[in-house]
Amino acid sequence: MEKNPLNIGIVGLGTVGIGVVDFLTTNKDLITLRAGREIRISGICAKRKNKKRELNLSRFRWISDPLTLSNEQGIDVVVELIGGQNDPAKSIIEKSLLNKKHVVTANKALIAHHGHYLAILAEEQKVSLNFEAAVAGGIPIVKILKESLSGNDISRVYGVINGTCNYILTQMENHEQDYSKIFRDAQNLGFVEKDPSLDVGGIDSAHKISIIAALAFGSRINFDNVKIKGIESISLIDITSASAMGYRIKLLGLANKSTAGISQVVEPCLVPKESLFGKLDGGTNMVMVEGNFVEKTHYIGLGAGAGPTASSIVSDLIDIARGNISSSFGQRASELEISQHVSEDLSSSFYLRFLLTDKPGTLAKLAGILGKYGISINHMRQLRHQGENAPVLIVTHPTAKISLTSAIKEISKIEICKSDPVYIRIEDL
Ligand code: HSE
């Protein structure tokens, strides 16, 4: 067995940082056996030394400046758990790589924005930049894409990759309560990021789908081309109506590769209740990867929390301890190219909701405009009147989004339409 321990320095001692310390301490013997040598915490660092934490950290060497840790002779790996797409996380990682230290990070925003540059830096310095924990917490999706499915031509990946949004949507349906009430509850439970738009605005999912797409398609990471729509405008009426028609609303991250290029989208979609994604409750994540030989594969697990995230970080550390220095994105970073971006306009069915006046001929007018754009109605329901008006729900046959949005634009301008129409794509997963 290799004698030298792998000396690591941990920067950031929040929930995840403490989780890593706990994991490495609790499973120390098992990890040493599997890694072939001890993984030793040789330095820890955070903004506040005296903050009350769940573990007693007094036995570890405290380093007050993270940049000192990036310079320390005795440190082989810097574990960055501060978060945030820019400094200090970025300069700590940059400096560590330049000092030929391996880096393990859970920082999805930073990888989404600067992953290509940092991967090149790691490659030049012949060290690892590993980020298993950046996507879907405890689900080892990075390794699956880089290793297990690496020989497949992958054409499609999608997933529920933000646990907070899935929790909010599930709670809205289960408790028949509106978005703002459930959002506040989730915030009080500490489930929502400090900047809520990261979760409910779909940005966190976009960070993750851009990382997944780069790994799956062998292309250069391209966060700026993700089309993002969050869940803030999802109403209870849409959740209950979707449910009555056999669907659930999920915030999906979707990436497709075709000969034309790559599309990356984050948006709420209706999925069949009986599908694997339809059954996904609470904070759980699930990712589907489709390869040309393996076909569809699904991965499910906890997407956040100390234990699952630490599990991914420790697996990255074990890789380094074993001497597996792999490319960050599964192939040489310097050879990764930006793919042509294409907008997602695959034909799909849509769920539509209108609030219409209760007058003779109203439905005929609506159907006429849909027909003009070649949109065929699969089924429809009219709910009880709300005063003078009535909500009308429609599920269309597959149609191009451009036809749908053109029809919606026209309908929203006529006097029968009493509020902004709602349209949500249906994904028959
Ligand atoms: N806010 C994220 C989520 C945490 O809810 O999934 C894990 O990235």
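**View 1. Threonine 362, tucked away.** Threonine 362 is buried, with a relative accessible area of 5% (buried means under 20% relative accessible area, exposed over 50% and partly exposed in between, using a 1.4 Å probe and protein chains only). You'll find threonine 362 in helix H13 (helices are DSSP runs of H or I with at least four residues, strands are runs of E with at least two, and both are numbered from the N terminus). Skip its neighbours within four places in sequence, and threonine 362 is in contact with Leu356, Thr357 and Ile416 (contact means heavy atoms within 4.5 Å). Its side chain also reaches the backbone oxygen of threonine 357 at 3.2 Å.

A quick note on the model: it is predicted, so local features need pLDDT of at least 70 and side-chain atom pairs count only at pLDDT 80 or more, while totals for chains, interfaces and linings use all residues. Residues are numbered from 1 along each chain as its sequence is written, and side-chain values use heavy atoms, with hydrogens and water left out.

View 2. Helix H13 spans residues 362–372, and Thr362, Leu366, Ile369 and Leu370 are buried in it. These four cover an arc of only 100 degrees around the axis, which puts them on the same side of H13 (the arc is that of the directions from the helix axis to the C-beta atoms). Over on the other side, Ala364 and Lys372 are exposed. What do the buried residues of H13 pack against? Their partners are strands S12 (350–357), S13 (377–382) and S14 (389–396), plus helix H14 (401–413). Just after H13, glycine 374 takes a positive phi of about 75 degrees.

**View 3. Where domain 2 meets domain 3.** Domain 2 covers 141–303 + 328–335, and domain 3 covers 349–426 (the bounds come from an automatic or database domain assignment). Here 16 residues of domain 2 are in contact with 14 residues of domain 3. In domain 2, Asp238, Met245 and Leu270 lose the most area to domain 3, together 43% of what that side buries (buried area is the accessible area, with a 1.4 Å probe, that two parts lose on being put together, summed over both).

**View 4. A salt bridge up close.** Two salt bridges are counted between domain 2 and domain 3 (a side-chain nitrogen of Lys or Arg within 4 Å of a carboxyl oxygen of Asp or Glu). The side chains of aspartate 238 and arginine 353 meet in a salt bridge, at 2.6 Å from N to O.

How values were computed. Polar contact = N/O pair within 3.5 Å; in protein donor to acceptor, adjacent residues only side chain to side chain.
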